[in-house]
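Trainee: Before I use any of the labels, I want to see the criterion behind each one. Can we go through them in turn?

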Amino acid sequence: MNVLTQEKSQTSESENGTYTVITFAPVQGFIEKSRKLRDLYGASQILSYLSWKIVGAANSKNCEVISPAIAIDDVSEIANVDIVQGMPNRILILGDFSHNDAQKSLTEGWKEIVTACRDWLRDNLQIDDEGWFNSWTRWQVHAWEVFWGSGVDIESAMRDLETRKLRRAWTVPNWNGESSSLSGHDAIAHPNMDNLGTNEAEIKRFYKRLAEVLDPSGDENDRAYINENERLSIPELIKRLVTYGAISKKIHRELYAPTFREVLRKDDKSGATYWTGWFMGDGDKVGDHLKRLTDKASVTQFSQSLRSWGKQFQTDFDKKGRVVYAGGDDFLGVMYGDKQTPQLDSRGVIEWLLDLRDSWEQGNLGITLSVGFVWAGHSVPQRDVLQHCREAEKLAKSLGRDRVTIRVLFNNGQFVQWTTPWKYLAWLADYRDRNNNTGKDANWSHVYTDLAQLKARHAIPPATTETANDAIALHLFGLYFGKDKQEMLSQQRGKITGSEDPKSMIEWIDGMIKVGWQLCSNS
């Protein structure tokens, strides 16, 4: 399309109405303040539901929802239409849809969620609302802020949104007290939380009773939804409760989550323990990519491609583990064995990651992908594993994006890691030991032992040194992975390692050997 034709197309579109872009906050914090897979699932579904409510309201006003690309033939049937998991929280609309319309629809959706949770607690635990009514009301009113922008074309609407986001009006409720979660200083939710000075015994009784009612068949401190020893804030409690069948059916059936107990990490009968793989991925610079899509057809196509990829990814992954959420440009899941093969083969991790990258590229999404992958020991708390996933993904992005960070997390909390552009992940398969063995027959102890000895003799300097020479580390790499790759690594060090600093080169090689030894070794 030439410039003149493109200008005519945009002019024709703008004559049909105003473009509107809507988003809301806090999204990232709402997701990150999660300690279990169920929390993440509940948070993702809540965000999807709120976006869904805005989309439904826009359709009811005969506006065209360009992104996310969803067709609703009968708005009255919206409650029976599946929520798209991982639905984006940035919504592009063509038509007259005001900030007030967006605020009203999101507030309505959040109120439905809060009311359903609070009503269930009152009815099933015989709780008097008076002792925590104010706390629930504040969270219902102050939890979200809606941002809105408009323009005669997509680019100007996006720009208007970003300008308005600089003028924040939202404040989170300020509580006294502290919960035991990642949420900081949010008060522990309990029926008398509005009155300061409640004793621990009362809180303990509440969580014990709540845990038993939600999962009466579970063992003590091994309940499906909430354990007796947990202490949650109101938003954390909501994220758990919306996944409970009796509550979710009052809001939307897609909020329900089946059990997460099939994530097998330890066999209580035999005492056997198993490693599991946890991954978190995110498309790179999606906002910048959307700004480059200046016509609605391109935006709709991009939205459809993301949704299609997420749906296919989830379907293909079913036999390997559990996808907690996927659908937009981000996803999270866990790989684990089953009763027949309880322990996954760690050597399959690299192959799976390479297949993931190929799948992403075949989706023709127009953006690159950054992933954090954590191979975790059985006794690392789920909450800690999830935090490591977030850190690994952020590291992959910070070193240049279009990368994967693999972190092997041991039961004592220590870890080894390697961050590399996707292209060079395949180099692990080219390892050749001293006996010229490759693949699953190769002995990774050869290179691992050499690395340890060279570091002990300070031939390869430690990470704490101010200046470093990477020549010996490069030579070691060439001996086991090939002189051609050694030369390529030396010439493209900045592109591959993320920095021209020799210490970055040493760190990259060190991480590759340690991760390779942990995941690819046949011992």
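Mentor: Start with contact, which means heavy atoms within 4.5 Å. Helices (H or I, at least four residues) and strands (E, at least two) are DSSP runs numbered from the N terminus. This is a predicted model, in which local features need pLDDT of at least 70, side-chain atom pairs count only at pLDDT 80 or more, and totals for chains, interfaces and linings use all residues. Residues are numbered from 1 along each chain as its sequence is written, and side-chain values use heavy atoms, with hydrogens and water left out.

Trainee: Which strands does helix 4 lie across, and at what angle does it run to strand 4?

Mentor: Helix 4 (residues 99–125) lies across strand 1 and strand 4, and runs at about 150 degrees to strand 4. Axes are lines fitted to C-alpha atoms, for helices over the stretch in contact, and angles run from 0 to 180 degrees between N-to-C directions. Helix 11 (residues 296–317) lies across strand 1, strand 2 and strand 3 (91–94), at about 65 degrees to strand 2.

Trainee: What makes strand 1 and strand 4 a pair, and how many bridges join them?

Mentor: Two strands pair if DSSP finds at least two bridges between them. Strand 1 (residues 19–25) and strand 4 are joined by 7 bridges and run antiparallel, so they meet that criterion. Thr23 has Phe147 as its bridge partner in strand 4, and Phe24 stands opposite Val146. The open sheet that holds them has 4 strands in the order 2-3-1-4, with antiparallel pairing. Strand 2 (64–67) and strand 4 are its edge strands, because each pairs on one side only.

Trainee: How do you know that strand 4 is mostly covered?

Mentor: Of the 7 residues in strand 4 (residues 145–151), 6 are buried. Buried means under 20% relative accessible area, exposed over 50%, and partly exposed in between (1.4 Å probe, protein chains only).

Trainee: Why is strand 6 called largely enclosed by the rest of the structure?

Mentor: Because 6 of the 6 residues of strand 6 are buried. Strand 6 (321–326) is also an edge strand, as is strand 10 (415–421). They belong to an open sheet of 6 strands with the order 6-7-5-8-9-10 and mixed pairing. Strand 6 joins strand 7 through 5 bridges and runs antiparallel to it, with Leu332 as the partner of Tyr325. Strand 8 (residues 369–376) and strand 9 (residues 403–409) run parallel and share 6 bridges.

Trainee: What makes the crossing of helix 15 and helix 18 left-handed?

Mentor: A crossing is left-handed if the near helix is turned anticlockwise from the far one by less than a right angle, and right-handed if clockwise. Helix 15 passes helix 18 in the left-handed sense. The axes of helix 15 (residues 471–481) and helix 18 (residues 502–520) come within 9 Å and cross at roughly 35 degrees. The contact residues include Phe477 of helix 15 and Trp508 of helix 18.

Trainee: How many residues of that contact are nonpolar?

Mentor: There are 11 nonpolar residues, no polar ones and no charged ones. Ala, Val, Leu, Ile, Met, Phe, Trp, Tyr, Cys and Pro count as nonpolar, Asp, Glu, Lys and Arg as charged, and the others, Gly among them, as polar.
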